[in-house]
Amino acid sequence: MKATELRQKSDDELKSQLIDLRKEQFNLRFQVAGGQMENTARVRQVRRDIARIKTLLGERKAS
């Protein structure tokens with residue numbers, strides 16, 4: 001997902017998406033540990049999406 005897409009969402013939408021991504025990250029960690037991981041790039045993508053959302057929320061809070 002792109003930062004421009006995220007900027008159009010409200011704080012509540014971003015927070016709910018952040019929760020969903022953290023759940024997905026948790027499940028991906030178990031898949032990696034169990035050797036069941038098929039798409040290893042997804043771990044990196046989820047981690048960066050979480051960082052994008054946290055950055056936007058921080059920017060909005062500072063403003």
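**View 1. Gln17 is placed in helix H2, which spans residues 11-34.** Helices here are DSSP runs of H or I with at least four residues, strands are runs of E with at least two, and both are numbered from the N terminus. The model is predicted, so local features are given only at a pLDDT of at least 70 and side-chain atom pairs only at pLDDT 80 or more, whereas totals for chains, interfaces and linings use all residues. Residues are numbered from 1 along each chain as its sequence is written, and side-chain values use heavy atoms, with hydrogens and water left out. Gln17 counts as buried because its relative accessible area is 17%, where buried means under 20%, exposed means over 50% and partly exposed covers the range in between, with a 1.4 Å probe and protein chains only. Once neighbours within four places in sequence are set aside, Gln17 is in contact with Met1, Leu6, Lys9 and Ile53, a contact being heavy atoms within 4.5 Å.

View 2. Along the sequence the pattern reads α-α-α, and the C-alpha atoms fill a box of roughly 45 × 15 × 15 Å when taken along the principal axes. Of the 63 residues, 21% are buried. Among the contacts with a separation of 6 or more, 64% are between residues 24 or more positions apart. The protein has 15 positive and 9 negative charges, and their mean positions are 6 Å apart. In that tally Lys and Arg are positive and Asp and Glu negative, with His and the chain ends not counted, and each charge is placed at NZ of Lys, CZ of Arg, CG of Asp or CD of Glu.

**View 3. The largest nonpolar core is made up of 11 residues.** A nonpolar core is a set of buried Ala, Val, Leu, Ile, Met, Phe, Trp, Tyr and Cys residues joined through side-chain atoms within 4.5 Å. The members here are Leu6, Leu14, Leu18, Leu21, Leu28, Met37, Val46, Ile50, Ile53, Leu56 and Leu57. Helices H2 and H3 each supply at least two residues of this core, and H3 gives the most, with five residues. Not counting residues up to four places away in sequence, Ile53 touches Leu6, Leu14, Gln17, Leu18 and Leu21. In soluble globular proteins, nonpolar side chains tend to be buried together.

**View 4. Leu57 and Asp49 are two residues of helix H3.** Leu57 counts as buried because its relative accessible area is 17%. With residues up to four places away in sequence left out, Leu57 touches Asp11, Leu14, Lys15 and Leu18. Leu57 and Arg7 are 50 residues apart in sequence, and their C-alpha atoms are 9.5 Å apart in space. Asp49 is buried as well, with a relative accessible area of 2%. On the basis of the contact count that skips residues up to four places away, Asp49 touches Met1, Leu21 and Arg42.

**View 5. Phe26 and Phe30 form the one aromatic pair of the structure.** Rings of Phe, Tyr and Trp (its six-membered ring) pair if their centres lie within 6.5 Å, and planes under 30 degrees apart count as stacked, over 60 as edge-to-face and the rest as tilted. The rings of Phe26 and Phe30 are edge-to-face, 4.9 Å centre to centre with 70° between the planes. Both residues lie in helix H2, four residues apart, which is about one turn of the helix. Phe26 is partly exposed, with a relative accessible area of 42%, while Phe30 counts as exposed because its relative accessibility is 52%.

**View 6. Lys23 of helix H2 is shown together with Thr55 of helix H3, residues 41-62.** Lys23 counts as exposed because its relative accessible area is 53%. Lys23 and Glu13 are 10 residues apart in sequence and 16 Å apart in space, C-alpha to C-alpha. Thr55 is partly exposed, with a relative accessible area of 46%. Thr55 and Asp11 are 44 residues apart in sequence, and the distance between their C-alpha atoms is 12 Å.
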